[in-house]
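The sequence and the structure come first, and the description follows.

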Amino acid sequence: MQLVRGLHNLRPRHRGCVATIGNFDGVHRGHQAILARLRERAAELGLPSCVVIFEPQPREFFSPDKAPARLTRLREKLQLLSEQGVDLVLCLAFNRRLRELSAAEFVHATLVEGLGVRHLEVGDDFRFGCDRAGDFDFLLKAGAAEGFSVEAATTIEVDGERVSSTRLRQVLAVGDLACAEALLGRPFGITGRVMHGQKLGRQLGAPTANVQLKRRNTPLSGVFLVSLELDDKSLAGVANIGMRPTVESDGKPHLEVHLLDYQGDLYGRLVQVTFHRKLRDEQRFASLEALKTAIEADIAAARDYWRASPLMTSQD
Ligand SMILES: Cc1cc2nc3c(=O)[nH]c(=O)nc-3n(C[C@H](O)[C@H](O)[C@H](O)COP(=O)(O)O)c2cc1C
Ligand SMILES: Nc1ncnc2c1ncn2[C@@H]1O[C@H](COP(=O)(O)OP(=O)(O)OP(=O)(O)O)[C@@H](O)[C@H]1O
């Protein structure tokens, strides 16, 4: 999969493709259905498939403080899009200039002049352009005038409700990881690099791998049973994700993973943390001693869980 950042980096060889546009945060089952249609159309027409995304996502541009937590950072989103067989990602900087484009100007500059789109696949509720004026009917007319076809994918539902990034955030916020897995078609996970922490973990009887989050807020918080994907192995653990109210806070969320039976050095490694079940909410304890006792109980619960349902690794 190729990544092109900005219209100005498109070359004549990128022209002629089938495309879709959206945030694709989480790459959930609704997104996967659109991407499957995109692959089919691309194969029929003998053209590459292209996904147009925005970074930052529009709501992060409009209200950085109030934007909902990201399900996937750009790096994670690109990995998932690549796994879905996408050939090209055009990542546009969402800025003042882009936001002021009318729907017609956006279509002309991006889809027609930039990508030479021959077919566009969108969800039935998709809207874009200044004041969200561009909807499916608008795209149909624009396509007829500019020479591309447009198709609206049917809505994908789980348990009678539309799958969306918003719904995913809602179920993650209440710790319903089984529902999140149903909406994603895979368990929810976060990828990041292991960084040095405050080294307090050892003192608390639980050395932890600090996974860099690079986000101001997270879609879930609390103590979870997790596995850590490292190379081709899955390691069982327990993790805390949140603000760590008991210890001195830097105002940023942290993800700290205690692996049950691991002694190696993980610093600098890129790992994926997969969330399996929520144990409890994060708490502010009166003392480090009380926190230590709670962590011991979390680890005991994790041992029971992983004994009953051991992780399969590709070496098994
Ligand atoms: C299983 C587990 C549960 C935790 N629960 C809480 C908690 O409820 N409240 C809290 O303030 N910190 C909690 N923590 C975070 C600890 O405060 C944190 O791991 C400790 O500060 C070590 O940080 P360091 O790795 O930066 O040294 C938990 C950590 C683990 C591993
Ligand atoms: N459940 C779904 N079924 C079919 N198409 C979907 C579904 N969810 C999203 N899409 C389509 O996928 C494309 C990208 O969606 P986008 O990420 O912008 O929206 P979303 O997942 O509904 O997020 P949000 O909850 O923030 O609105 C759009 O064309 C959208 O209409």
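In this predicted model, a backbone N or O atom of Asn23 lies 3.3 Å from an oxygen atom of ligand 2. Taken on its own, ligand 2 has 610 Å² of accessible area, of which the protein covers 88%.

The space that ligand 2 takes is the largest pocket. Around ligand 2 there are 20 residues, and those that come nearest are His28, His31, Gly123, Asp125 and Thr166. By class, this shell consists of seven nonpolar, eleven polar and two charged residues. Helix α1 (29-45), strand β5 (117-123) and helix α7 (165-173) each supply at least two residues of the shell, with α1 giving the largest share, three residues.

Ligand 1 takes the space of the second largest pocket. It is surrounded by 23 residues, the closest being Gln198, Leu200, Thr246, Glu256 and Gln283. The shell around ligand 1 divides into nine nonpolar, eight polar and six charged residues; β12 (233-242) and α9 (288-308) each supply at least two of its residues, and the largest share, three residues, comes from α9.

| Residue | Protein atom | Distance to an oxygen atom of ligand 1 |
|---|---|---|
| Leu200 | backbone N or O | 2.5 Å |
| Arg244 | side-chain N or O | 3.1 Å |
| Arg280 | side-chain N or O | 2.8 Å |

Of the 630 Å² that ligand 1 exposes when taken alone, the protein buries 99%.

Arg280, whose side chain has an N or O atom 2.8 Å from an oxygen atom of ligand 1, also takes part in strand pairing, as the bridge partner in β14 of Val223. Which strands pair with β14 (residues 270-280) in an antiparallel manner? One of them is β11 (residues 222-230), which runs antiparallel to β14 and is joined to it by seven bridges. Another is β9 (residues 189-195), likewise antiparallel to β14, with five bridges between the two strands; within this pairing, the partner of Gly192 in β14 is Val271.

Methods: Residues are numbered from 1 along each chain as its sequence is written. Chains are lettered from A and ligands numbered from 1 in the order in which they are written. This is a predicted model: local features need pLDDT of at least 70, side-chain atom pairs count only at pLDDT 80 or more; totals for chains, interfaces and linings use all residues. Side-chain values use heavy atoms; hydrogens and water are left out. A residue is near a molecule or strand if one of its heavy atoms lies within 4 Å of it. A polar contact is a pair of N or O atoms within 3.5 Å; within protein, one must be able to donate a hydrogen and the other to accept it, and residues adjacent in sequence count only if both atoms are side-chain atoms. Accessible areas come from the Shrake-Rupley method with a 1.4 Å probe; for residues, only the protein chains shown count as cover. On a 1 Å grid over the protein atoms alone, a cavity is a set of points where a 1.4 Å probe fits but cannot get out, and a pocket is an open set with protein on both sides within 12 Å along at least five of seven lines; lining residues have an atom within 4 Å of a point. A molecule sits in a cavity or pocket if more than half of its atoms lie within 2 Å of its grid points. Helices (H or I, at least four residues) and strands (E, at least two) are DSSP runs, numbered from the N terminus. Ala, Val, Leu, Ile, Met, Phe, Trp, Tyr, Cys and Pro count as nonpolar, Asp, Glu, Lys and Arg as charged, and the others, Gly among them, as polar. Two strands pair if DSSP finds at least two bridges between them.
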